[in-house]
Amino acid sequence: MGADSIPRCSIPSNDMPPFRGPDAVDISLTVNGQGATAHLRPQRSLLELLRGPLGLTGTKLVCNAGNCGACTVLVDDRPVYSCITLAVACEGKRVETIEGLSKDGELHPVQEAFIDHDAYQCGFCTPGQVMSIVALLRTKGKPTEDDMRRAVTGNLCRCGAYVNIVKAGMSAARRATK
Amino acid sequence: MSLFSYAKPRALGEALRLLKNGTIAIAGGTDLVGLIRSGLAKPDGLVDLTGIEGLRGWTREKGKGLRIGALTPLSDLETSPQLRKLAPMIAESLRDAATPQLRNMGTVGGNLLQRNRCWYFRDEAVPCWLKGGTRCFAVEGENRYHAILGAAECVMVAPSDLAPALIAYDAEIEIASSIGRRTVKLGQFYITPSGRQRKEHAIKAGELITSVRIADSALERRGAFLKAMDRKAWSFALVSVAASAKIQGGKAHDVRIVLGGVAPCPWWVPAANKQLEGSVLDDNACLAAADAILADAQPLRDNGYKVTLARELIRRALRSLVA
């Protein structure tokens, strides 16, 4: 990457992309490996897209303000808060939700570990916690406990299952590297 | 929430042309979406900058220094081992900034332009001075998180962790608009809201931050960043301190101490920096500098603790430069 990859002010072109909306616009993206389309107003969130038109209610709506982490999904492999992500900004992107983790009826190792370690009480924050840990394990095969704690700092659990959440994450990491 | 339309240009020039009356630029949206939902921002159109090529990522070239594209996600800077080696204060300042999710979404430019967190400002129903009202409700209200230094009509505090670290590197920002470009020291970019200036920074309508630049000489500085929070994670700074200096033969030269969370702007006192010239940064010298910085502190009812906290954080940050 050279310094010149950051461009000087480019010459304005005449074929400006038009503003779309404020009425509903077409949005197409990939959700859990499959193409998906929806028709939504630009102010709608990715969470509204997932839970509404796409019927994927595994991702939870809690604070709706980016303050709790229950709505965490992966966009292009990175955990984000879907409640404050605009759906229209996800055009062409790859979104993964809790529904996409199990394969052929087999739970994902992180999901298994949550069961084994009793890593939830009410379960409402669980999909978000799991997605954050799945993302960590993809980038760091052998995370430290500090890595694991930091990976879920953006996911509140008001039941206080944190200790077991970290245990489950570490256990899944060990299982994955065996 | 107001209705808005949406555009995602592919080039900077197009984005600048689309930024007209009634439109607002959006990148990560971590601050802006909340401002729109609570009625504090009412755009007719959003211009999504994240499709613009070339403003993401950082480069280092000898003679040209370090250049960070404004659309770089904060997490890219936090997790890069090379950048941590090159400019450790940047990674340190981001380590405890917000959460992994917010650092994945949020960008450098957005972080530097985020609005303040004062609860009276954030409450749509409260007509505070910064929003065009007649008074600052925090002065006599709930002010545990507010300014102890440098405030005028409004006692909000500068919320960014990244800004003090960049200012301690003497960073510049490059700003583009449809009529040209300008470069400003980040330290000169923030404004103490006062008089007719009811805003936190000097960006003008139609302008975008395109990059942050740090000179080669500044990268030779040793730096430390410390942040005190109410809890151990996911919290804005009660007080943050970025300290940097050139250390030669155990002595500090050209010291910079920049505080976040204490004043409406990232805060520093030139005389306090100067009095540490040639110092070995022992406890006494560090505390004397801290006292010089805090001499003009005017705590409100609930935030006197910030004076004590800042004094000790300054000492620790300076000490770690020679540790």
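## Strand pairing in chain B

Strand E9 of chain B and strand E10 (residues 239-248) of chain B pair in the antiparallel sense over seven bridges; two strands count as paired if DSSP finds at least two bridges between them. Strands (E, at least two residues) and helices (H or I, at least four) are DSSP runs, numbered from the N terminus. Within E10(B), B:Ala243 is the bridge partner of B:Ala224.

## Basis of the model

This is a predicted model, in which local features need pLDDT of at least 70, side-chain atom pairs count only at pLDDT 80 or more, and totals for chains, interfaces and linings use all residues. Residues are numbered from 1 along each chain as its sequence is written, while chains are lettered from A and ligands numbered from 1 in the order in which they are written.

## The sheet and its helices

An open, antiparallel sheet of three strands has the order E9-E10-E11 (chain B). Strands E9 (222-228) and E11 (251-260) of chain B each have a single partner strand, so one side of each lacks a neighbour in the sheet. On average, neighbouring strands of this sheet are turned by 15° against each other, direction ignored.

Helix H5 (residues 88-95) of chain B packs on the sheet and touches E9 and E10 of chain B, its direction making about 10° with that of E9(B). Axes are lines fitted to C-alpha atoms, for helices over the stretch in contact, and angles run from 0 to 180 degrees between N-to-C directions. Helix H14 (residues 305-322) of chain B also packs there, touching E9, E10 and E11 of chain B; the direction of H14 makes about 25° with that of E10(B).

## Contact between the chains

In chain A, 38 residues are in contact with 41 residues of chain B, contact meaning that C-beta atoms, placed from the backbone, lie within 7 Å. Strand E4 (residues 78-81) of chain A supplies the largest share of the side of chain A that touches chain B, four residues.

Technical notes
Two residues are in contact if their C-beta atoms, placed from the backbone, lie within 7 Å.
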